[in-house]
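Got the viewer open and a selection tool at hand? Let's take a walk through the model, one stop at a time.

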Amino acid sequence: MKIGIDLDGVVFDSETTFRTYEEIFDVDTLKGNNLVDRKEPKFQARYNWTDEQEKEFIQKYFLTVSKESNLMSGFKKVFDLLKNQGHEFIVITARGGHVKEMKDDAIRLLKENNIEFDKYYWQIDNKLEICQKENVDIMIDDDWRIVKKISENQVKTLYFRDTNLMKLEENEYVKEVNNWGDIYRAITEMCK
């Protein structure tokens, strides 16, 4: 099976770290409460920051978040099990788009943990296009907007939903998962 996989919030625990620094930035730097929608996965939609404030946040915290992030709990074990079963993993990520060094930092973290994917797509804005080009069987992502777009185009998705994020109705193309054990079960059941 070809598995498309996002990095941030799926392989790396960076989304939780991002949310921590978003709150610090909003409270300490902006001296306010600009949170508009906790269900949004990306800071651009979570807060009503100006373009200048968003740029300041990116410059101040993106690389810090990348360096503080670790592998998601259980990822390495499940990844190794699925690779040994013959599954192919294709990274499809926006990482490296805002801050180029974040790609290098991701590569460092993967190498340190002896993780090698079969193919990599970096700085991707249109994940559906890559899913279709690569003919992935299933895409794992944590952004509800991406999951919705991909699933509406008949590509199966595993929605790695974190606390507070938008809930999507499950159907034959969308299944919610909350950890790598859920992902292992879902992929194993798909292969029966």
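Start by selecting helix 1, residues 14-29. In this predicted model, helix 1 is the top contributor to the lining of the largest pocket, giving 3 residues.

Now look into the largest pocket itself. About 610 Å³ of space lies there. To find the middle, pick K42, Q44, A94, R95 and H98, which are the closest to the pocket's centre among its 26 lining residues.

Keep helix 1 on screen for the next stop. Which helix gives the most to the lining of the second largest pocket? Helix 1 again, with 3 residues. This pocket has a volume of about 180 Å³. Select G9, T16, M72, F160 and D162 to land around its centre, as these lie nearest to it out of 15 lining residues. Coloured by class, the lining of the second largest pocket shows 4 nonpolar, 5 polar and 6 charged residues.

Select helix 4 (residues 75-84) and helix 8 (residues 180-190). Their axes are 9 Å apart and the packing angle is about 20°. That angle is under 35 degrees, so helix 4 counts as roughly parallel to helix 8. The two cross in a left-handed way. Show side chains for F75, V78, L81 and L82 on helix 4, and you'll see them meet W180, Y184 and I187 of helix 8. What classes of residue make this contact? There are 7 nonpolar residues, with no polar and no charged ones.

For the last stop, switch to helix 6 (residues 127-134) and helix 7 (residues 144-151). The axes of helix 6 and helix 7 come within 9 Å and cross at roughly 40°, which makes helix 6 oblique to helix 7. The crossing of helix 6 with helix 7 is right-handed. Highlight K127, L128 and C131 on helix 6, then I146, K149 and I150 on helix 7, to see who makes the contact. By class, the contact of helix 6 with helix 7 has 4 nonpolar and 2 charged residues, and no polar ones.

Conventions:
Residues numbered from 1 in each chain as written. Predicted model: local features only at pLDDT ≥ 70, side-chain atom pairs only at ≥ 80, totals over all residues. Heavy atoms only, no water. Axes fitted to C-alpha atoms, helices over the stretch in contact; angles between N-to-C directions. Helix = DSSP H or I, 4+ residues; strand = E, 2+ residues; numbered from the N terminus. Parallel < 35°, antiparallel > 145°, perpendicular 65-115°, else oblique. Left-handed = near helix turned anticlockwise from the far one by under 90°. Contact = heavy atoms within 4.5 Å. Nonpolar A, V, L, I, M, F, W, Y, C, P; charged D, E, K, R; others polar. 1 Å grid on protein atoms, 1.4 Å probe; cavity = no way out; pocket = protein on both sides within 12 Å on 5 of 7 lines; lining within 4 Å. Points joined across faces, edges and corners; volume = space filled by probe spheres on them.
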